[in-house]
Amino acid sequence: MSQSTKTAHAPAHGAHHSGGDHHDPGFWRTYVFSTDHKVIGIQYGVSSLIFLFMGFLLMLAMRWQIAWPNQPIPVVGPLLEAVLGQPASGGVLGADLYNSFGAMHGTIMVFLGVVPLGFAAFGNYLVPLQIGAPDMTFPRINMASFWSFLVGGLIMMVSFFIPGGAAQGGWTSYSPLATSIPTDGQTYWIIGMVFLITSSLLGSVNFIATVIQLRAPGMGWMRMPFFTWAQFVTAFILLLAFPPLEAAAVLQLMDKVAGTSFYLPTGLITGGKLADISGGGSPLLWQHLFWFLAHPEVYVLILPAMGIVGEVIANNSRKPIFGYRSLVYSVLAVGFISFIVWAHHMYLTGMGTKISTFFQTTTMIISVPSVIILTCLFLSLWGGSIRFNSAMLFSLAFLPMFGIGGLTGLPLGFNFSDIHLHDSYYVIAHFHYVVAPGSIFALFAGVYYWYPKATGRKMNELLGKIHFAGSFVFMNLIFFPMFAQGIAGMSRRMSDGGASYMVSDATADVVGRLAKSVIDANVGISVAAFLLGVSQIPFIINFFMSMFRGEKVTSDNPWDATTLEWQTPTPPPHGNFTESIKVYRGPYEYSVPGAARDFLPQNQPSRA
Amino acid sequence: MSDNKAHHGHGDHSKTYWLVFFALIIGTIVTVGAYFIHFDTIFLTIALALAIASVKASLVAGWFMHLASEQRMIYTILGFTAFFFLGMMLLTIWAMQDTPKPIFP
Amino acid sequence: MDIPYTVMPRRDTGLYNAKLGIWLFLASEVMLFGALFSSYILLRVGSYPGVWPHGLLNVPVGTVNTLVLICSSVTVVLGWAALKANQFAKYRKIQAITLACAGMFCCIKSYEYYDKFTHYEVILKDGRVIDGHLVEKVGGGQLVDGRRQPPEAIVIHGVEFPADAKAAGMAKVPLIHNLEKASGHHLEHKEFRIPWSDTKKVQNYGPWHNTYLAIYFTMTGLHALHVIGGALVIGWIWGPGAAMWKSDPERYTNRVEVSGLFWHFVDLVWIFLFPILYLL
């Protein structure tokens, strides 16, 4: 292949002629049905950023309804009514539509946004580069993975426009609720999920096989960059945790279309009368199978983010990452323990005390390796000569944000305190601190950091810093008050933000005043949410403008980094490395005493 | 199978495969036979059927799939899989057992 | 650009890529079927005493199907061994048996499904229950206002249970077979012609009939999909894909081995499915 592999939007920027023996595969093969891991990574990246944005827009509509219940949404409201009809009549987000948006916000953010971006996009682009491989082990399966993802995503999108709208049972799709809602949204959801699960499965087989089989000579296990380690463990989690959800989804699909009763108990009453079902099923079965995936899924969301932060911090503090081995072992431990903590989501299902204690204990244990990772990343900063560029700012913000998210998880992990906090805004605040200012900040850091490798141009620093400042401030203004709301007892499922619980004379007594103060916070949160949306504008401008107008990089290694992805041409050609690569040292040899420069690339034989 | 097949003639292996095949057939017949005998307790029936099934499965995995002489990497992967599979099954069963049964008239 | 280790094993792992890949895939399959087996256990243990049916399936037919699958498993591995010994023609012959076995398995399975779908339980308005195979539906079936009309009468070849037996069994033993065992006396098989207006509920033994049939259809259905998928891949390698034997025999042998590993796994799943669904 003689054309350089860039995004379809990239300008014709110096074609790298790497061996003229391959014929030009043409536009479709190069950019659309490509088997090149870098193109697939970018396809994943662009599509998941779009999905992420759509999930965000759903949330904005919901935030409007929470803050100003039953008032028409300005500008967007009539549009919604025109497209979706009755559920959005008068431009108001009705309760059914709110449920739908809530379910799809969760689904899109988790399965179509953050996981594909963190795992599939960054992983696809970087893992083969970081281990010195020419491509993934199974390039065609890699392509199938992306297309399966896209089909799954499109099915989810289409489900908004079918009669009755998209799934309304929450992203957790608890039965019998999800199965008894008489619309077809849930069926679409399940079928979409089957495609997404297939995509993850194909991707994870590929990742694991690539890391095991295609490491360059000298790239021992303990010389792999932390990011690759994180991706490797993530792939294992996806490989082994997703199939039970696939099984669960098949059973729910049978419940939905074949009239079985896997999750429907005997004596179930729907719509005021005894349901015409054979019964004998178990609603808890769904919860077990679902959370067996969905708790490890949390680590799928966070581990790639930690990997990115590790890379960015090591590079921008110009010193070796602190406790590389502890980090690796901690990541392995997290991956391992993540499989046996799932039922802490189910304390309120009436589980017995013995099993609750077991899951409470494992939940506390898993916080240990997480804290080790966070501590190592913090300590890496000690005595470094830190460069405060956009990528680094996002990474630095990740640390306390993830810290808040993690620590506030402890009260939820104890079954005693969870009884009060369960299903409240506290839960929303907790996991959003982990995923939104946590993972997504890290993913932003990754975009700023590796953008020059993919396009040959840097992103604008000023816009990046504006983006960072806005995101940081408003993320906290959104999620911090939610802790207070949750502790005060505000349920997370109310489509009117709790307005119906407002007492008529709010100042009458202490309960009334508390309710008023909690519910009034909704307005502030929603305003912050809109402003968070506004602060993403610099990023969007930056992302597209920098492709054409960004500062061109003068070398293949603009950040003076050590890992192998910077030792390729920019952008890397098909096949990645122009010469055979051999690894001589660990991944983070920065500021080595006696070395000629303050960094030693992994493939550099001597210190000179 | 590991890459040292050169040491074995293929005839030896065919013989093993046939032996395994007959063992599987016998296992099936014994299982079905036990079903028609009807033991006193359902427990014994279940235990016997599952024990024979496990032996048959190990034969298939061990010799047809060559797991008896496989590379360490495969063992590692399957070891993790077995652990998580058992974790999923046993913890779920434990959780269900430890959950008080709903009272249904 | 060539990806290394597609044919020859990598030194430190001793594996070629596809072999590692298929084992990883099988690991995920273990979790998939493992979740279904766990569900089976939970649903069965959680069912009310006496509800879980026994003896609904035809054991001899199931046994034959088990033997068919075992045969196909040994031919797959023998075929691969023949290829290893450079005997392509022998491989072709042996693997043809595998494909024939796969086809036979699917045929027998479809027969079993058909048998269940034509097996009806008819509850009459006076409380009697007729249980047996459908002979015919008389009349009806025409579309009126977009809805299909019910037949005028339904003809069932089977047995009749008195109203009190069913009423006594309603709460705990909804299944006819258990009733027959419990009551002890043999019920005479004959043909019943039941006017539709006399029926309260007519349902065949599909997945909707009870939880046991639900898990039976789901697990065997998913397994059958694996059989079909595996047979398609093996058939493709055996037929049109065989050209590779000329150009790259090592890689071709690897393909046969990898597809065989999948096939053995499918057999392995059936080894557990057969006792838990047919016998226990």
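## Chains B and C at a glance

Look at the contacts in chain C between residues at least 6 apart in sequence, and 71% of them join residues at least 24 apart. Keep in mind that this is a predicted model.

**Chain C: overall build**

- On the secondary-structure side, chain C comes to eight helices and seven strands.
- Of its 280 residues, 42% count as buried.
- The radius of gyration of chain C is 25 Å, whereas a compact globule of 280 residues would come in near 19 Å.
- If you're setting up a box in your head, the C-alpha atoms of chain C fill one of roughly 75 × 40 × 40 Å along the principal axes.

**Chain C: domains**

- Chain C splits into two pieces: domain 1 covers 19-116 + 211-279, and domain 2 covers 122-204.
- Going by C-alpha atoms, the centres of domain 1 and domain 2 of chain C sit 36 Å apart.

**Chain B: overall build**

- Out of 105 residues in chain B, 28% count as buried.

**Where C meets B**

- The contact involves 37 residues of chain C and 38 residues of chain B.
- On the chain C side, α1 (17-46), α2 (59-84) and α8 (249-279) each supply at least two of the residues that touch chain B.
- Which helix gives the most to that side of chain C? That would be α1(C), with 12 residues.
- Sorted by class, the side of chain C that touches chain B has 26 nonpolar residues, nine polar ones and two charged ones.

**A closer look at B:Ile26**

- You'll find B:Ile26 in helix α1 of chain B, which spans residues 10-37.
- Is B:Ile26 buried or exposed? B:Ile26 counts as exposed, because it has 12 C-beta neighbours inside 10 Å and the cut-off for exposed is 12 or fewer.
- B:Ile26 and B:Lys56 are 30 residues apart along the chain, and their C-alpha atoms are separated by 9.7 Å.

Notes. Residues are numbered from 1 along each chain as its sequence is written. Chains are lettered from A and ligands numbered from 1 in the order in which they are written. This is a predicted model: local features need pLDDT of at least 70, side-chain atom pairs count only at pLDDT 80 or more; totals for chains, interfaces and linings use all residues. Two residues are in contact if their C-beta atoms, placed from the backbone, lie within 7 Å. Helices (H or I, at least four residues) and strands (E, at least two) are DSSP runs, numbered from the N terminus. Ala, Val, Leu, Ile, Met, Phe, Trp, Tyr, Cys and Pro count as nonpolar, Asp, Glu, Lys and Arg as charged, and the others, Gly among them, as polar. A residue is buried if 20 or more other C-beta atoms lie within 10 Å of its own, exposed if 12 or fewer, and partly exposed in between; C-beta atoms are placed from the backbone. Domain bounds come from an automatic or database domain assignment. The radius of gyration is taken over C-alpha atoms; the globule rule is 2.2 Å times the number of residues to the power 0.38.
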